[in-house]
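Follow the chain below with the structure open beside the text.

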Amino acid sequence: MLAQLEVLSTTTGAYVFVVVLGLLWGSFANVCIYRWPPSDEFPDGRSVVAPGSHCFVCKRDICWYDNVPLLAYLWLRGRCRFCETQFSPRYLIVEALTGALFGVAWWFAIALGPMRESFDVTLVRFVVSAAFCFVMVVIAFIDLDHKLILNKITMPSVVVFYAATFLLPERRWSEGLIGIAIGYGLPWLVGEIYFRVTRREGLGLGDSMLLAVIGALLGWKGVVVSLFGGSVLGSVIGITALLVGRARQAPATEPASPPEPEDPTTPEGTDADDDDPGIMRMELPFGPFLAMGALIYLFAEPWIHLYFALFG
Ligand SMILES: [Zn+2]
């Protein structure tokens, strides 16, 4: 059975199967991203299983054939079949991204597998990598929407991914533990110093928990690469967003500010928020960048090891 699978593992069919699997998990990721965060109505978030998928405007159930990942969005042009509400293209992006990440996870597991391990370890490696990608996508998009990294995702993930390292031959038991400690401790330390110096909150506890998840699977090196890579990515994208925001803001404020000498008390508060400090205070969540850094390391690490094994 495994031998037959191994023969098929490099075929196009295998890749199609894996990407479709990723699209289905991406569809589930959308449900998690949409339902898990707390809201006014549901302070603890909602169940991802209980009510089936439904349109959030007309509340009608979405039938299974309108729920097919990617395709359903395309053939309904992103609209509800009944009330034609436009759904965000984000649903499509999350599905496609998860599908692509599953494909990459398979490709990397298969490409490196035969050189150093048996096929069953390769399969385990794929499952662990794919699960890690899924968790990173869910955490990144919830953080993007709500600036929240939920403990109900990170806490079980720390345990699961640490346990998973016992199935991977190259990991020692201590690596994950050190990774968790550094992952949780390092941002806490950075945040503490940042707070002492600037009196402002830099990194949140959620970021610490996310790095603990990363450390549990990828060890302290994964934590350092994610933190460093995430900071670089965050700075580049943050500065770009700042410049774009400023360019957009500039023409709008100039003609609007002179003819408004009415009530000095009410507009003052809002004006101060809309002006320069408002843009300066525009904070990007750090989680998505940490997740990007972690995924880059997840896929790059085996190649780095291979490189040193061959040439180092
Ligand atoms: Zn509807």
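Helix H7 covers residues 173–198. Its 26 residues reach 38 Å from the first C-alpha to the last, close to the 38 Å expected at 1.5 Å a residue. The expected span of a helix is 1.5 Å times one less than its number of residues. Helices here are DSSP runs of H or I with at least four residues, strands are runs of E with at least two, and both are numbered from the N terminus.

This is a predicted model: local features need pLDDT of at least 70, side-chain atom pairs count only at pLDDT 80 or more, and totals for chains, interfaces and linings use all residues. Residues are numbered from 1 along each chain as its sequence is written.

Stay with H7. Its buried residues are Glu-175, Gly-176, Gly-179, Ile-180, Ile-182, Gly-183, Tyr-184 and Pro-187. A residue is buried if 20 or more other C-beta atoms lie within 10 Å of its own, exposed if 12 or fewer, and partly exposed in between, with C-beta atoms placed from the backbone. After H7 comes Arg-199, whose phi is positive, near 60 degrees.

Now the whole chain. It has 11 helices and zero strands. Of its 312 residues, 31% are buried. Among contacts with a separation of 6 or more, 73% join residues 24 or more positions apart. Two residues are in contact if their C-beta atoms, placed from the backbone, lie within 7 Å.

Next, the helix pairs. H5 (residues 119–146) and H6 (residues 151–164) pack at an angle of about 165 degrees, their axes 11 Å apart. That makes H5 roughly antiparallel to H6. Angles under 35 degrees count as roughly parallel, over 145 as roughly antiparallel, 65 to 115 as roughly perpendicular and the rest as oblique. Axes are lines fitted to C-alpha atoms, for helices over the stretch in contact, and angles run from 0 to 180 degrees between N-to-C directions. The crossing of H5 and H6 is left-handed. A crossing is left-handed if the near helix is turned anticlockwise from the far one by less than a right angle, and right-handed if clockwise.

Which residues of H5 and H6 meet? Val-128, Phe-132, Val-135, Val-138 and Ile-139 come from H5, and Ile-153, Ser-157, Phe-161 and Ala-164 from H6. By class, this contact has eight nonpolar, one polar and no charged residues. Ala, Val, Leu, Ile, Met, Phe, Trp, Tyr, Cys and Pro count as nonpolar, Asp, Glu, Lys and Arg as charged, and the others, Gly among them, as polar. The buried residues of H6 include Ser-157, Phe-161 and Ala-164.

H5 also packs against H2 (residues 12–35), at about 35 degrees with axes 9 Å apart. The crossing of H2 and H5 is right-handed. Trp-25, Ala-29, Cys-32 and Ile-33 in H2 meet Phe-134, Val-137, Val-138, Phe-141 and Ile-142 in H5. Those residues divide into nine nonpolar, no polar and no charged.

Finish with two residues. Phe-286 lies in the loop between H10 (276–281) and H11 (287–311). Phe-286 is buried, with 25 other C-beta atoms within 10 Å. Leaving aside neighbours within four places in sequence, Phe-286 is in contact with Leu-203, Asp-207, Gly-230 and Gly-234. Ile-237 lies in H8 (residues 205–256). With 14 C-beta neighbours inside 10 Å, Ile-237 counts as partly exposed. Ile-237 and Phe-289 are 52 residues apart in sequence, yet 9.4 Å apart in space, C-alpha to C-alpha.
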